[in-house]
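Subject: Structure handover

Hello,

Here is the structure I promised to pass on. Please open it alongside this note, and read on below for what turned up.

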Amino acid sequence: MNTRRVLVVGIDGVRFDLLPSLHTPHLDEVAAAGFLGRVEIDAVTPTMSGPCWATVVTGVGVAKHGIWGNRFDGNRLDVFPDFTTRLADEQGLRTLAIGGWTPMFLARDGGPLFTAPSRLAYIAPTADTPEAWEECDESVTAEAARLLAAGTDLDAGFVYLGAVDETAHFLGCGPEYRSSVETADRRLGDLLAALRRRPARATEAWTVIVVTDHGHRDEGGHGGRSEAVRTAWIAACGPDIPPGTVPADLRHADVAAHVYCALGIAPDPHWSLDGTPFTPAPTRPPVHCAGGATGGKL
């Protein structure tokens with residue numbers, strides 16, 4: 001049986017309602033092999049990056065992980081760790097977390113969100129500008145692709161891309177923002193191509209999950225409850241995710257829950273996960289996803 005592995009790609013601040021008008025062939029490829037579905041951020045979760053990403057990677061809501069803003073002070077990540085840490089610490093698996101937003105990866109501002117993956121890579125932007133964040137994301141993608149393509153022993157990974165969100169904050173959701181989303185999609189394509197270059201790809205079955213944390217107002221910014229801001233999305237494909245079937249009532253917490261499911265791990269009841277897998281636990285041989293537009297398989 002093929003070895004199951006998982007890659008989660010987090011793209012910050014991508015509006016769901018704009019996706020149909022944008023050129024995103026690699027996200028479309030994932031969606032075609034599985035699904036792309038709407039996520040409505042629940043009423044108790046601030047529409048901010050910190051709380052939303054914490055819910056994505058821990059599988060529990062704000063009342064449990066304790067991250068209510070973009071400072072992570074007072075968190076309960078020791079009780080409710082991110083999936084890369086839990087898998088490494090409790091399951092002995094090899095995990096990776098890589099990106100450039102400080103509190104996610106460093107012990108600053110109450111972080112890190114990723115406390116102890118097997119491998120952590122932090123690549124800082126040189127300035128807090130859209131241009132610097134594009135350069136940062138390019139470096140993050142290149143390093144992640146290098147590790148993936150080299151055949152690094154990796155069971156699960158998280159790659160964070162932040163330039164889209166930064167562009168919206170500075171320039172709103174106009175042409176520059178839309179271009180940034182399309183550039184992020186090209187970087188997603190680089191990561192998918194790296195999976196296909198892995199030496200053992202013929203014996204691996206990858207689940208790929210792409211997720212955003214929140215949307216933006218037209219003029220840029222978030223934190224409120226407008227539909228554009230509180231609407232996020234998840235796209236996924238992989239073993240036991242039937243193409244064309246969008247799970248009902250998708251939630252951010254479902255991402256971590258499905259990571260465990262995709263790896264064949266039954267969560268301990270003491271983990272108190274709030275999310276549920278996109279599909280039931282595996283019951284049949286794995287199928288490959290994302291094999292269409294770029295002519296390969298994962």
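Start at Glu219, which counts as exposed, because its relative accessibility is 54% and the cut-off for exposed is over 50%. Please bear in mind that this is a predicted model.

Salt bridges

Glu219 has a charged partner. Arg217 forms a salt bridge with Glu219, and their closest N and O atoms are 3.1 Å apart. Arg217 itself is partly exposed, at a relative accessible area of 34%.

In total, the structure holds 22 salt bridges. Two others deserve a look.

Take Arg5 and Glu204. They form a salt bridge, with the closest N and O atoms 2.7 Å apart. This pair links distant parts of the chain. Arg5 sits in strand β1 (residues 3-11), Glu204 in strand β6 (residues 204-211), and 199 residues separate them. Are the two partners buried or exposed? Arg5 counts as buried, at 10% relative accessibility. Glu204 also counts as buried, at 2%. The cut-off for buried is under 20%. The pair belongs to a network of salt bridges that links Arg5, Asp153, Asp155, Arg198 and Glu204.

Now turn to helix α8 (residues 175-196), which holds both Arg186 and Asp190. These two form a salt bridge, their closest N and O atoms being 3.2 Å apart. They are four residues apart, about one turn of the helix. An α-helix has 3.6 residues a turn, so residues three or four places apart point the same way. Both partners are partly exposed: Arg186 has 34% relative accessibility, and Asp190 has a relative accessible area of 30%.

The cavity

The volume of the largest cavity is about 50 Å³. Its lining is made up of Ile11, Val14, Leu19, Thr24, Leu27, Val181, Ala184, Asp185, Leu188 and Trp233. Which element gives the most to this lining? Helix α8 does, with four residues. By class, the lining has eight nonpolar residues, one polar and one charged.

A covered helix

Next, look at helix α2 (residues 49-58). The helix is mostly covered, and ten of its ten residues are buried. They run from Ser49 at one end to Thr58 at the other, with Pro51, Cys52 and Trp53 among them. Just after α2 comes Gly59, which takes a positive phi of about 80°.

Thr95

One residue is worth a stop of its own. Thr95 is found in strand β3 (residues 95-99). Thr95 is buried, with a relative accessible area of 1%. What does its side chain reach at 2.8 Å? The answer is the backbone oxygen of Thr84. A polar atom of the Thr95 side chain also lies 3.0 Å from the backbone nitrogen of Ser118. Thr84 and Ser118 are both touched by Thr95 as well. Leaving aside residues up to four places away in sequence, Thr95 also touches Leu87, Ala88, Pro117, Arg119, Leu154 and Ala156.

Where to look first

For a quick tour, begin with the Arg5 and Glu204 salt bridge. Move on to the cavity lined by residues including Val181 and Trp233. Finish at Thr95 in strand β3.

Best wishes

Conventions: Residues numbered from 1 in each chain as written. Predicted model: local features only at pLDDT ≥ 70, side-chain atom pairs only at ≥ 80, totals over all residues. Heavy atoms only, no water. Salt bridge = Lys/Arg side-chain N within 4 Å of Asp/Glu carboxyl O. Helix = DSSP H or I, 4+ residues; strand = E, 2+ residues; numbered from the N terminus. Buried < 20%, exposed > 50% of the residue type's maximum accessible area, 1.4 Å probe, protein only. 1 Å grid on protein atoms, 1.4 Å probe; cavity = no way out; pocket = protein on both sides within 12 Å on 5 of 7 lines; lining within 4 Å. Points joined across faces, edges and corners; volume = space filled by probe spheres on them. Nonpolar A, V, L, I, M, F, W, Y, C, P; charged D, E, K, R; others polar. Polar contact = N/O pair within 3.5 Å; in protein donor to acceptor, adjacent residues only side chain to side chain. Contact = heavy atoms within 4.5 Å.
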